[in-house]
Amino acid sequence: MKFILNVLWLILSGLWLALGYVVAGIICCILIITIPFGIASFRIAGYALWPFGRTTLVRHDAGAGSAIGNVIWIIFAGWWLALGHIITGIALCVTIIGIPFGIANFKMIPISLMPLGRDIVPTDEPFAAR
């Protein structure tokens, strides 16, 4: 079932959302100081391509650096990506078949706003429920 949902997700919204994250990652990797943002963006691009069967966890060992980085991320790239998820989620919720995909888009808004200090893990791993 996860495979079918992921294929439908890829066709309906995953491809263009992942392209948005890749573009943000490339822009962030231009400067040396923003390379961690680019790496986080590429990591989320993979999650945006194939989200079903994976979840995000907040890393409790992330410190003040990731908090400051998340504020910088929100200002420069996060709100654009979150806006893409909101628009796509609303467009998908117009049809009955698209409602689960729209909800999945809304669930991806927090990681698009604050990607640093989070891990993407498979849902079947034992520590994923924590």
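The dialogue below takes up helices, surface and salt bridges in this predicted model.

Q: Which residues of helix α4 are buried?

A: In general, an α-helix has 3.6 residues a turn, so residues three or four places apart point the same way. In helix α4 (residues 99-107), the buried residues are F101, G102, A104 and N105. Viewed down the axis of α4, these buried residues fall within an arc of 155°, so they line one face of the helix. They pack against α1, α3 and α5 (109-113).

Q: Is T88 buried or exposed?

A: A residue counts as buried when its relative accessible area is under 20%. T88, which lies in helix α3 (residues 64-92), has a value of 6% and is therefore buried. Leaving aside residues up to four places away in sequence, T88 touches S13, W16, L17 and N105.

Q: Which residues make the nonpolar surface patch?

A: The patch, of about 770 Å², is made by M1, F3, I4, L8, I11, L12 and W50. One of these residues, M1, has a relative accessibility of 73% and so counts as exposed.

Q: How many salt bridges does the structure hold?

A: There are two. In one, D61 pairs with R59, and the closest N and O atoms are 3.2 Å apart. In the other, R59 pairs with D119, with 4.0 Å between the closest N and O atoms. This latter pair links distant parts of the chain, 60 residues apart: R59 is in the loop between β1 (54-58) and α3, and D119 is in strand β2 (residues 118-122). Through shared partners, R59, D61 and D119 are joined into one network.

Technical notes:
Residues are numbered from 1 along each chain as its sequence is written. This is a predicted model: local features need pLDDT of at least 70, side-chain atom pairs count only at pLDDT 80 or more; totals for chains, interfaces and linings use all residues. Side-chain values use heavy atoms; hydrogens and water are left out. Helices (H or I, at least four residues) and strands (E, at least two) are DSSP runs, numbered from the N terminus. Buried means under 20% relative accessible area, exposed over 50%, partly exposed in between (1.4 Å probe, protein chains only). Contact means heavy atoms within 4.5 Å. Patches are made of residues with over 30% relative accessible area and no salt bridge: like charges are joined within 9 Å, nonpolar side chains (Val, Leu, Ile, Met, Phe, Trp, Tyr) within 5 Å. Accessible areas come from the Shrake-Rupley method with a 1.4 Å probe; for residues, only the protein chains shown count as cover. A salt bridge is a side-chain nitrogen of Lys or Arg within 4 Å of a carboxyl oxygen of Asp or Glu. The arc is that of the directions from the helix axis to the C-beta atoms.
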